[in-house]
Each structure stands twice: as C-alpha cells, then as structure tokens.
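Dear colleague,

Please find below the structure that I promised to hand over. My notes on what was found in it follow directly after it.

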Amino acid sequence: MSAKNDKHDETPHTNETSKIPIVQPENWQGDALEGLNAFPKATNFVLTQHSSGSGDNRGLNLLGALAHYPTFAKAFLTFNNHVASNESLSVKERELIILRTAWLRKSEYEYVQHVVLAQRVGIGPTEFNAIQGGDYRAAFDDKESLLLTAVDEMVAETRISRATYQKLAEHYSVHQIMDIVGCYACYETIAVLCNSFDIPIDPGVEGLDQETLARLHGS
C-alpha cells in the first residue's frame with residue numbers, strides 16, 4: 001500500500017472535509033475529556049503524540065469528532081475499550097476482523113488506522129491482498145480463514161450461519177465467539193461513523209494509493 005498519487009492528494013485531509021468540525025486535542029477538556037477517557041489507551045496515545053509533535057496522529061480525527069458528544073463518546077468508547085483491550089482474542093485475530101470489516105464497509109479511515117497494528121503482528125502483503133480479495137486459503141490457516149468467513153457472513157446477513165458457528169465452536173469458547181461478534185459490531189459502528197461524517201484521514205497518516213482505493217470502493 002503506497003502513498004496516494006498527486007492527483008488524489010489534491011483533496012487535503014483537513015477538518016474542512018468533515019461534516020462536523022474536529023475538536024483538536026488541546027480542547028479536549030471537561031466532559032469531553034471524561035467521555036474520551038472511557039478508552040484511556042487511545043485517548044492518551046493521541047494526546048501524547050499530539051503534544052510531542054511526533055507526526056503520528058492516528059485516531060485524532062475520530063476522537064475529535066466524538067468529543068462533540070461526551071455522553072455518546074463515553075458509552076461507545078467503553079465498549080470499544082473492552083473490544084480493544086480484552087485478551088479473549090489475540091491481537092492478530094482482532095486485526096483480521098477489523099481489517100475485513102473496514103474493507104467491506106469501504107472505510108478508508110478505519111482500514112489505514114489498523115494497517116500499522118496489523119503489520120506489527122505479522123500481517124504482510126499476501127495477507128492484506130487476501131483480506132481485500134476475500135480468498136483466504138492461500139494466506140491463512142483454517143482457523144483464521146474461518147474467522148474471516150464469519151465476518152463476511154455478519155456483513156452480508158447480519159449473523160453467523162449455523163454451519164460456521166459450529167466450526168467456530170471447535171476453536172473458540174462462547175465468550176470468545178461473543179467477542180468475535182462484538183469486535184465486528186464495534187468496528188462496523190466505527191466504519192459507519194467515519195463514512196457518515198466523512199472523517200478525514202488523520203494528519204500525517206498515509207492513505208491508500210489510487211489503485212487500492214479504487215478497489216476498496218469497487219468491492
């Protein structure tokens with residue numbers, strides 16, 4: 001996934017592209033900060049990176065949008081914090097769910113947010129291509145392919161089929177399957193939020209190249 005070409009970069013990733021203004025981290029105070037702190041790891045990451053000027057602004061625009069509605073932010077980010085922090089699923093399993101959900105829901109913001117995290121747990125070009133294309137057999141083992149198939153079914157039918165559920169139950173406990181569904185549901189919501197409000201790619205974060213972006217919107 002290379003950087004976008006010059007033509008695509010003519011559309012700047014600034015607050016003006018969003019349907020609602022992005023509240024900047026220096027203004028995350030009072031009720032807004034309390035709401036965002038329902039997911040303390042994410043909020044602290046954005047605040048630390050922003051104050052240091054590191055250029056790694058992942059998550060800033062989404063949290064900055066949620067800051068408009070502190071009670072909503074607190075409720076949703078409590079759920080998001082559970083999904084992102086629980087140890088029922090491995091980090092790689094969560095990232096597979098998130099990436100496939102983001103791809104199918106055509107959410108560039110959500111997808112590129114998780115590319116870095118996915119790379120850290122060993123997801124490489126072959127795996128990214130399989131996540132985008134939907135043919136998992138060459139890139140993933142049977143268990144991972146089953147997990148991605150469950151995501152496909154939830155997106156298409158809002159449920160995991162009985163046959164797939166029975167296969168999942170051979171590998172995962174009931175709590176784990178609930179976390180699989182919860183992870184999908186959480187990032188389905190984030191994709192809809194990002195798409196509906198036109199949340200722009202965070203400053204300094206590399207978006208998808210033109211070819212990949214065209215495949216995303218054609219998928």
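In these notes, a residue is called buried when its relative accessible area is under 20%, exposed when it is over 50%, and partly exposed in between, with a 1.4 Å probe and protein chains only. Please bear in mind that this is a predicted model, in which local features need pLDDT of at least 70, side-chain atom pairs count only at pLDDT 80 or more, and totals for chains, interfaces and linings use all residues. Residues are numbered from 1 along each chain as its sequence is written, and side-chain values use heavy atoms, with hydrogens and water left out.

Overall architecture

The chain has twelve helices and zero strands, where helices (H or I, at least four residues) and strands (E, at least two) are DSSP runs numbered from the N terminus. Along its principal axes, the C-alpha trace spans about 50 × 40 × 30 Å. The radius of gyration of the chain is 17 Å, which agrees with the value near 17 Å for a compact globule of 219 residues; this quantity is taken over C-alpha atoms, and the globule rule is 2.2 Å times the number of residues to the power 0.38. Of the 219 residues, 47% are buried.

The loop between helix 1 (6-9) and helix 2 (30-36) contains Pro21. Pro21 is exposed, as its relative accessible area is 55%.

Salt bridges

The structure holds eight salt bridges, each defined as a side-chain nitrogen of Lys or Arg within 4 Å of a carboxyl oxygen of Asp or Glu. Three of them are described here.

Lys92 pairs with Glu144, and their closest N and O atoms are 3.0 Å apart. This pair links distant parts of the chain, with Lys92 in helix 6 (residues 91-104) and Glu144 in helix 9 (residues 142-157), 52 residues apart. Lys92 is partly exposed at 24% relative accessibility, whereas Glu144 is buried at 14%.

Glu93 and Lys143 also meet in a salt bridge, at 3.7 Å from N to O. Here too the pair links distant parts of the chain, Glu93 being in helix 6 and Lys143 in helix 9, 50 residues apart. Glu93 is buried, with a relative accessible area of 12%, while Lys143 counts as partly exposed at 30%.

In a further salt bridge, Arg105 and Glu188 bring their closest N and O atoms to 2.9 Å. Arg105 lies in the loop between helix 6 and helix 7 (108-120) and Glu188 lies in helix 11, so this pair ties together parts that are 83 residues apart in sequence. The relative accessible area of Arg105 is 28%, so Arg105 is partly exposed; that of Glu188 is 16%, so Glu188 is buried.

Backbone angles in two loops

The loop between helix 6 and helix 7 also holds Lys106. The phi angle of Lys106 is near 55°, a positive value in a residue other than glycine, and Lys106 is partly exposed at 27% relative accessible area. Asp198, in the loop between helix 11 and helix 12, likewise has a positive phi for a residue other than glycine, near 50°. Asp198 is partly exposed, with a relative accessible area of 35%.

Helix 12

Which residues of helix 12 (residues 210-218) are buried? They are Thr212, Leu213 and Leu216. These residues cover an arc of only 100° around the axis, which puts them on the same side of helix 12; the arc is that of the directions from the helix axis to the C-beta atoms. An α-helix has 3.6 residues a turn, so residues three or four places apart point the same way. On the other side of helix 12, Glu211, Ala214 and Gly218 are exposed.

At the start of helix 12, the backbone nitrogen of Glu211 has a side-chain oxygen of Asp209 within 3.1 Å.

Helix 11

Val174 lies in helix 11 (residues 174-196). Val174 is exposed, with 52% relative accessible area.

Yours sincerely

Notes:
Polar contact = N/O pair within 3.5 Å; in protein donor to acceptor, adjacent residues only side chain to side chain.
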